[in-house]
Amino acid sequence: ANAVSAGMRDNPAKPGEIGIQGRTAPTGATVQSPDPVVHASTVSEAHGSAKTGEEQPVLGANALAASLDRVRADDSDQALTSNQGVPVSDNQNSLKAGLRGPTAMEDFLLREKITHFDHERIPERVVHARGSAAHGYFECYKALTELTCAAPFAEDGKRTPVFARFSTVAGGAGSADTVRDVRGFAVKFYTDEGNWDLVGNNIPVFFIQDAMKFPDLVHALKPEPHFGMPQASSAHDTFWDFVSLMPESTHMLLWQMSDRAIPRSYRMMQGFGVHTFRLVNADGASVFCKFHWTPKAGTHSLIWDEAVKIGGADPDYHRRDLWEAIEAGAAPEWELSLQVFSEDEADGMPFDILDPTKIVPEELVPLIPVGRMVLNRNPDNFFAETEQVAFCTAHIVPGIDFTNDPLLQGRIHSYLDTQISRLGGANFHELPINSPLRAVHNNQRDGMHRQTLNRGRVAYEPNSLGGGCPFQAGAAGFKSFPQPVDGDKIRAKPEKFADHYSQARLFWQSQTLTEQLHIVNAFRFELTRVQTPSVRQRVVSLLVNVDPMLAQQVADGLGFDVPEAAPVLVDGQPEYSASPALSLTAYPGETGIATRRVALLVADGVDGAMVTQVYEHLLQQGAVPRLVGQKLGAITCSAGKPFQVEITLSAAPSALYDAVVIPDGEQATTLLAADPLVAEFVRDQYRHCKPLLAAGSATEVIDKAELPDVLPNGDEDFSLAVGEAGQLPELLQQFAEALAGQRELGREAL
Ligand code: HDD
């Protein structure tokens, strides 16, 4: 029994955190990988370690826990030392010549400490600077050897360790989580055959078709260079100026203006590899492939007003949500599905599969579920893991290959390149979070911060002095798919790339009415922030080609007439029928009310028995109830023992909860109904389309907030569970059903 089972402190998934005894790697999470390739090298096979013999971690077993344990530091029971390991007697006073005299130049301890501090920062990512990450594993349902020889798909049930980082794109590292933006969805698979990075987004298409345009796109999106504003927002002139001149952006703009860009949680968004990739099997046969991640918790988004309020109340909202869910043991999960199609099928499609502004509709090529990703362990150290992790689209493994998508081709260069300045040199692959589980053997040497102690005199190939090692892996190594290439060297693009609107229309037509309303409102908001009238007009002229009604509604909000449509460059655009899978309502989720945050508004005189009943009911189903009061401290109950208020209305406003319960209690109702903060709380819950439950006298709080009791269309509002105290069981059931599903968007008058 180690410290974990003794119930000491902290997370059992992190052995390194609990002292020396706890440092044995835990079992679970990964299957034993095949034996490492052992050959005539004298270098240790242990992952990046110089140890030999018995102490070596077993390669592949509990792979990541073991390799990261090597560098975990635990200060329990330890004396302070300098970076040279010298014990430090006094960490409070610098060395001075006399009590009031100057500090001595020789104070190496002061100088070391300050110097290190002065260099603590590294450049933030040029895009996706703000992110949060977690460890976990990918589990393949069935071997996919017919399609690919990629290691994660080699056996039924095989588990491969992963590290996933979610991010916003535009904002700096300290910006708010809930801004309107695309979200990054990057997964590093530590496979038996090296690292595979699937660096995707939560939106399946991109703004531009060619990497040549990426620096311009990002310059337009980022804060304007003269005054450094706005932070983490596309709602400004330069972004819309650029995209209005770049009609290929139109499809992505519709996604970006949809609720996809304000997810409720990283755990509740889809992920997409975006590009068409190739799968290659052991015989060298290849198919095209698109990667899709679907969250088990369903796809859920915030309401814009709510997102703005959360930005102020808790800028770390998504980071906290991911962290807390994992700490609580509610490991988020996604299913990985593939769309697989042949070269011939691709040729017959009405769009070019190399064009990253197009999706392959599910109606054309269905999704095949192939595995699941579970994120079950938070990082030990934000900087060492989440910040230093280096995702590169160039990181692929045998069985996976690129296509000629010109955006992907440029990315293959960009990611490797950016890590060199971001992480300070060419050895960033040696950082523990980046190093592959399969031992690295090559003749690359030296450079800043080199850690590997490459042994022997040979650092070239071919050689005879090193027995020819490391030798080429031959058939067992990565081989590029031998795709035939011909054609003139040319700066141009295929004709099908010029159809910019038909899939934008497909997306628009596949949205529910409220989703469409949100898109219109988002365009109106962003373009209202734009100051230049001609830019606004140009954007609307793109929208005319998508749907005249959309253009009309946006133009109405901006106070001008619909302009002429932007020129359409292709004849005969393909017609698509609506694809229900493109609506967020397509994935309500399978996890019920688990992890949903519920506020119980309480004040003196509340019915304590009811509070306990509701609280326990919610806890049992995995929800996160919180007693929210007007001030901290104990409150007396009409029945039962006093409760401690957990948080106050002003410290945790309405936007931070998925639902609210107002329990019975005459005196409590009088106190709550008189408080304007309570009225605001309840109104925001209503306005953000969330479930409310009020029992007994508490219905007065609802009345006071003047909430309509039916939907604008006259239907019953199922998310408003209001009734007698004696009806609590039925009210709770109704409330929980509403909370588990999609929000009651019908409250928004159309
Ligand atoms: Fe990118 C980071 C996703 C196009 C250049 N990108 C980055 C990250 C994600 C994406 C998720 C953050 C990874 C992390 O968490 O560390 N990027 C995409 C997607 C794209 C895309 C889905 C289109 C399909 N990106 C793209 C292009 C280029 C880049 C066309 C350049 C030619 N992206 C970068 C970068 C970043 C980056 C500058 C910044 C930090 C980093 O790489 O590590 O190299």
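**Charges, salt bridges and strands**

Modeller: Let us begin at the surface, keeping in mind that this is a predicted model. Glu666, Glu700, Asp703 and Asp709 form a negative surface patch.

Colleague: Where does Glu700 lie?

Modeller: Glu700 belongs to helix 18, which covers residues 699-704. With a relative accessible area of 43%, Glu700 is partly exposed.

Colleague: How many salt bridges does a search of the whole structure find?

Modeller: The general idea comes before the count. Side chains of opposite charge can pair when their charged atoms come close. In this structure, the search finds 32 salt bridges. One of them joins Asp192 to Lys158, with 2.4 Å between the closest N and O atoms. Asp192 is in the loop between strand 3 (183-191) and strand 4 (194-201), while Lys158 is in the loop between strand 1 (131-140) and strand 2 (159-168), so the pair ties together parts that are 34 residues apart in sequence.

Colleague: Is Lys158 buried or exposed?

Modeller: Lys158 is buried, and its relative accessible area is 3%.

Colleague: Which residue forms a salt bridge with Glu248?

Modeller: The partner of Glu248 is Lys493, and their closest N and O atoms are 3.2 Å apart. Glu248 sits in the loop between helix 4 (237-244) and helix 5 (250-256), and Lys493 in the loop between helix 10 (406-422) and helix 11 (502-509); the pair therefore ties together parts that are 245 residues apart in sequence. Glu248 is buried, with a relative accessible area of 3%, whereas Lys493 is partly exposed at 41%.

Colleague: What do the side chains of Glu306 and Arg743 form?

Modeller: They meet in a salt bridge, at 2.6 Å from N to O. Because Glu306 lies in helix 6 (residues 304-313) and Arg743 in the segment after helix 19 (728-740), this pair ties together parts that are 437 residues apart in sequence. Both Glu306 and Arg743 are buried. Elsewhere, salt bridges with shared partners join Arg130, Asp177, Asp314, Asp316 and Arg320 into one network.

Colleague: Let us turn to the strands. In which sense do strand 11 and strand 13 pair?

Modeller: Strand 11 (residues 597-601) and strand 13 (residues 624-629) pair in the parallel sense, over five bridges. Within strand 13, Pro625 is the bridge partner of Val598.

Colleague: Over how many bridges do strand 13 and strand 17 pair?

Modeller: Strand 13 and strand 17 (residues 647-648) pair over two bridges, in the parallel sense. Opposite Gly629 stands Thr648 of strand 17.

Definitions and conventions:
Residues are numbered from 1 along each chain as its sequence is written. This is a predicted model: local features need pLDDT of at least 70, side-chain atom pairs count only at pLDDT 80 or more; totals for chains, interfaces and linings use all residues. Side-chain values use heavy atoms; hydrogens and water are left out. Two strands pair if DSSP finds at least two bridges between them. Helices (H or I, at least four residues) and strands (E, at least two) are DSSP runs, numbered from the N terminus. Patches are made of residues with over 30% relative accessible area and no salt bridge: like charges are joined within 9 Å, nonpolar side chains (Val, Leu, Ile, Met, Phe, Trp, Tyr) within 5 Å. Accessible areas come from the Shrake-Rupley method with a 1.4 Å probe; for residues, only the protein chains shown count as cover. A salt bridge is a side-chain nitrogen of Lys or Arg within 4 Å of a carboxyl oxygen of Asp or Glu. Lys and Arg count as positive and Asp and Glu as negative; His and the chain ends are not counted. The place of a charge is taken as NZ of Lys, CZ of Arg, CG of Asp or CD of Glu. Buried means under 20% relative accessible area, exposed over 50%, partly exposed in between (1.4 Å probe, protein chains only).
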